Amino acid sequence: MSSLIHKIKNKKAQIAVIGLGYVGLPLCMEFAKKGFCVTGIDVDKKRVKSVSKGVSYIGDVKSSEIKLYVKEKSFQATTDYGVLSRQDAIIMCVPTPLRKTKEPDISYIIDASKKIAKTLKEEQLIVLESTTYPGTTDEVIQPILEKSELKAGKDFYLAFSPERVDPGNKKYNTANIPKVIGGINSQSTLAAKTLYGQINSNIIPVSSSRVAEMVKLLENTFRSVNIALVNEMAIMCDCLDIDVWEVIGAAATKPFGFMPFYPGPGIGGHCIPLDPFYLTWKSRLHGYEAKFIELAGEINKAMPKYVIGKIRDILNSFKKSINGSTVLILGVAYKKDVGDWRESPAIEIINMLLKKGANVCFNDPHVSEINTDSTSMRSKELDKSSLKESDCTIIVTNHSVYDYKFIVENSSAVLDTRNAISGLKGNFENVFRL
Ligand SMILES: NC(=O)c1ccc[n+]([C@@H]2O[C@H](COP(=O)([O-])OP(=O)(O)OC[C@H]3O[C@@H](n4cnc5c(N)ncnc54)[C@H](O)[C@@H]3O)[C@@H](O)[C@H]2O)c1
């Protein structure tokens, strides 16, 4: 143990990150920045080729940064797992999607663990960062790694540390978001604490890997449930002809006991719509049916359909139908200022509109192309003519670069699902809200 700690403290530890996505690539950069030699491993040859040439595909990572570390030889990328035998610490950042049945798909974690087991050596530290259900680290990964005949917590160290990165957030990043760490025993926690302590000064150790796994699920469930609550509040306010945004704004003046959440067209991304169901699944295995998570999922999932109802009503007020109308979607990414459109409610809204016979187009400064159920579409220029050609413009994602005054002035009707227009002065009769 002391030799691993010594190597880490002296920046002599070799670090491998498995999975070069939204989580893994920024993590590689942080360790490289602090003087470590980092190897990124990905099964996607295109990604490996891209970063090896110093070209970033993740908004929060600059190409110039990758280029610098590749040149300095502190960062390299490969598809070859053979490099693992030379590493002191290996961090897994692979995807954890849901199957169609809403069951966790941890096959990426299992695959990566089996590959680590092949060359596992004494004193190696293995950390999982992918969001998953409690028990994955000690019930699933540990037995796979121990097939190597080495004992976890004694011969090698094993921990879970949830990634809390918020893509597009200019203030908080991998280096300054407090890092929760839970090892399968105290030595594992100590090894992981020492490693992450090199890139983050705020380490929060917890008593076990299961606690650390559950922390992340509590955080994501908290968001899902509160977003669902406020989405339902928006629907009720609409029925009662009350401005939900004004209500939230005033409620948020309470200095304690209230935290504002905002309604929207639904939830997206690789975390909030999926992760809470990892917990319901695990909980069900232990005889408990989670109620809040299921209800929140139901309400949030129904929001795109609610938006379609709003579009129908707006077009109806202009004596038009969805069938045959042109609808322009502004923003298909699941949140502002990022290019990630996985699980984005915009895609569901587009699919529903296409099915109902609308001519749909979209603009997103961060997404050039999307695939819908029936076709692929490219982002359209956002100019006077594209706005004027559309019967209804829908603000689904409020990217900072959008000029809302220009949008409102040139559209015949706007459905604002994000309260994006609120800062504009004037009374815009063509603007409708969620
Ligand atoms: N994106 C976020 O904002 C975010 C935030 C916190 C936590 N997380 C969690 O982090 C994990 C990773 O998420 P992400 O958004 O970075 O995913 P991602 O899809 O952006 O990246 C994952 C990468 O892993 C690679 N990969 C898959 N299987 C592999 C294997 N066996 N070996 C090597 N590489 C493999 C993929 O090719 C891909 O490049 C997930 O569990 C996610 O829930 C994501």
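Helices here are DSSP runs of H or I with at least four residues, numbered from the N terminus. The exercises below concern a predicted model.

**Exercise 1. The shell around the ligand**

Determine which helix gives the most residues to the shell around the ligand, which residues come nearest, and how the shell divides by class.

Solution. Begin with the helices: the most is given by helix H5, which spans residues 107-119 and supplies three residues to the shell. Next, consider distance: the ligand has 27 residues around it, and those that come nearest are Gly19, Gly21, Tyr22, Val23 and Ser130.

**Exercise 2. Helices H8 and H9**

Classify the packing of H8 and H9 from the angle between them, and list the residues that make the contact.

Solution. Helix H8 covers residues 209-239 and helix H9 covers residues 244-251; their axes are 9 Å apart, and the packing angle is about 125°. Angles of 65 to 115 degrees count as roughly perpendicular and those over 145 as roughly antiparallel, with the rest, apart from those under 35, being oblique. H8 and H9 are therefore oblique to each other. The contact draws on Val230, Met233, Ala234 and Cys237 from H8, together with Val244, Val247 and Ile248 from H9. By class, this contact of H8 with H9 holds seven nonpolar residues, no polar and no charged ones.

**Exercise 3. Helices H11 and H12**

Describe how H11 and H12 cross, including the handedness, and name the residues that meet.

Solution. The axes of H11 (residues 292-317) and H12 (residues 345-355) come within 9 Å of each other, crossing at roughly 50°. That angle makes H11 oblique to H12. As for handedness, the crossing of H11 past H12 is right-handed. From H11, the residues Met303, Pro304, Val307 and Ile308 meet Pro345, Glu348, Ile349, Met352 and Leu353 of H12. Divided by class, the residues of this contact of H11 with H12 are eight nonpolar, no polar and one charged.

Definitions and conventions
Residues are numbered from 1 along each chain as its sequence is written. This is a predicted model: local features need pLDDT of at least 70, side-chain atom pairs count only at pLDDT 80 or more; totals for chains, interfaces and linings use all residues. Axes are lines fitted to C-alpha atoms, for helices over the stretch in contact, and angles run from 0 to 180 degrees between N-to-C directions. Helices (H or I, at least four residues) and strands (E, at least two) are DSSP runs, numbered from the N terminus. A crossing is left-handed if the near helix is turned anticlockwise from the far one by less than a right angle, and right-handed if clockwise. Two residues are in contact if their C-beta atoms, placed from the backbone, lie within 7 Å. Ala, Val, Leu, Ile, Met, Phe, Trp, Tyr, Cys and Pro count as nonpolar, Asp, Glu, Lys and Arg as charged, and the others, Gly among them, as polar. A residue is near a molecule or strand if its C-beta atom, placed from the backbone, lies within 6 Å of it.
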